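Please look through the model below before reading on.

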Amino acid sequence: VQLQASGGGLVQAGGSLRLSCEASGNIDNIAAMGWHRQAPGKLRERVAGVTAGGSTTYADSAKGRFTISRDNARNTLYLQMDSLKPEDTAVYYCNAELVPPDAYGGTEYWGRGTLVTVSS
């Protein structure tokens with residue numbers, strides 16, 4: 001599975017961005033996908049997730065401002081981010097969890113990340 005994230009950039013506080021993550025390869029086993037972020041000097045944290053059935057979860061910091069969605073026809077995951085704050089500045093990564101594992105034994109794949117910078 002290959003994941004290509006895009007959509008990051010520089011935005012002012014209060015603005016919006018939409019991140020995209022296109023999945024390719026052996027995607028039939030993807031059970032769940034998610035967005036994570038890592039700010040400078042901090043650990044990576046999970047921002048939001050969505051299952052194959054459409055159930056979503058959010059970190060407290062994302063609730064009410066971020067919306068995760070999944071377009072299965074386009075094999076693409078999205079993260080709509082509104083009311084952005086300077087503390088949202090981070091590299092955002094998408095990941096995919098596979099059930100069952102693929103032919104290589106892989107259970108989780110990660111994209112390279114896209115940088116989001118929110119200026120005050």
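Does Arg74 count as buried or exposed? Arg74 counts as exposed, because its relative accessibility is 57%, where buried means under 20% relative accessible area, exposed means over 50% and partly exposed lies in between, with a 1.4 Å probe and protein chains only. Arg74 forms a salt bridge with Asp71, the closest N and O atoms being 3.4 Å apart, a salt bridge being a side-chain nitrogen of Lys or Arg within 4 Å of a carboxyl oxygen of Asp or Glu. Asp71, at 22% relative accessibility, counts as partly exposed.

Some conventions are needed before going further. This is a predicted model, in which local features need pLDDT of at least 70 and side-chain atom pairs count only at pLDDT 80 or more, whereas totals for chains, interfaces and linings use all residues. Residues are numbered from 1 along each chain as its sequence is written, and side-chain values use heavy atoms, with hydrogens and water left out.

The sheet comes next. Strands, like helices, are DSSP runs numbered from the N terminus (E, at least two residues, for strands; H or I, at least four, for helices), and two strands pair if DSSP finds at least two bridges between them. In general, strands of a sheet pair through backbone hydrogen bonds, either parallel or antiparallel. Here 4 strands form an open sheet in the order S1-S3-S8-S7, with antiparallel pairing. S1 and S7 stand at the edges with a single partner strand each, so one side of each is left without a neighbour in the sheet. From one strand to the next, the twist averages 15 degrees, the axes being lines fitted to C-alpha atoms, for helices over the stretch in contact, and the angles running from 0 to 180 degrees between N-to-C directions.

S8 and S7 run antiparallel and are joined by 6 bridges, with Gln80 in S8 as the bridge partner of Thr67.

In soluble globular proteins, nonpolar side chains tend to be buried together. The largest nonpolar core in this model has 30 residues, and those with the most contacts inside it are Leu3, Trp35, Leu79, Met81 and Tyr92; such a core is a set of buried Ala, Val, Leu, Ile, Met, Phe, Trp, Tyr and Cys residues joined through side-chain atoms within 4.5 Å. Strands that each supply at least two residues of this core include S1 (2-6), S3 (17-24), S4 (30-38), S8 (76-81) and S9 (90-98), and the largest share, 5 residues, comes from S9. Not counting residues up to four places away in sequence, Leu79 touches, among others, Leu17, Trp35, Val47, Phe66, Ile68 and Tyr92, contact meaning heavy atoms within 4.5 Å.

Met33, found in strand S4, counts as buried because its relative accessibility is 4%. Leaving aside neighbours within four places in sequence, the contacts of Met33 include Leu3, Cys21, Ile68, Leu77 and Ala96.

Cys21 also takes part in a covalent link. A search of the whole structure finds 1 disulfide, defined as a pair of cysteine sulfur atoms within 2.5 Å, and it is formed by Cys21 and Cys94, whose sulfur atoms are 2.1 Å apart. The pair links distant parts of the chain, since Cys21 lies in strand S3 and Cys94 in strand S9, 73 residues apart. With 65 degrees about the S-S bond, the link is right-handed. Cys21 counts as buried at 0% relative accessibility, and Cys94 is buried with a relative accessible area of 0%.

The structure holds 6 salt bridges, and Arg37, Glu45, Arg65 and Asp88 are linked in a network of them. The side chains of Arg37 and Asp88 meet at 2.9 Å, N to O, and this pair links strand S4 with the loop between S8 and S9, 51 residues apart. Arg37 is buried, with a relative accessible area of 6%, and Asp88 is buried at 1%. Asp88 also meets Arg65 in a salt bridge of 2.7 Å, N to O. Arg65 lies in the loop between strand S6 (56-58) and S7, and Asp88 in the loop between S8 and S9, so the pair ties together parts that are 23 residues apart in sequence. Both Arg65 and Asp88 are buried.
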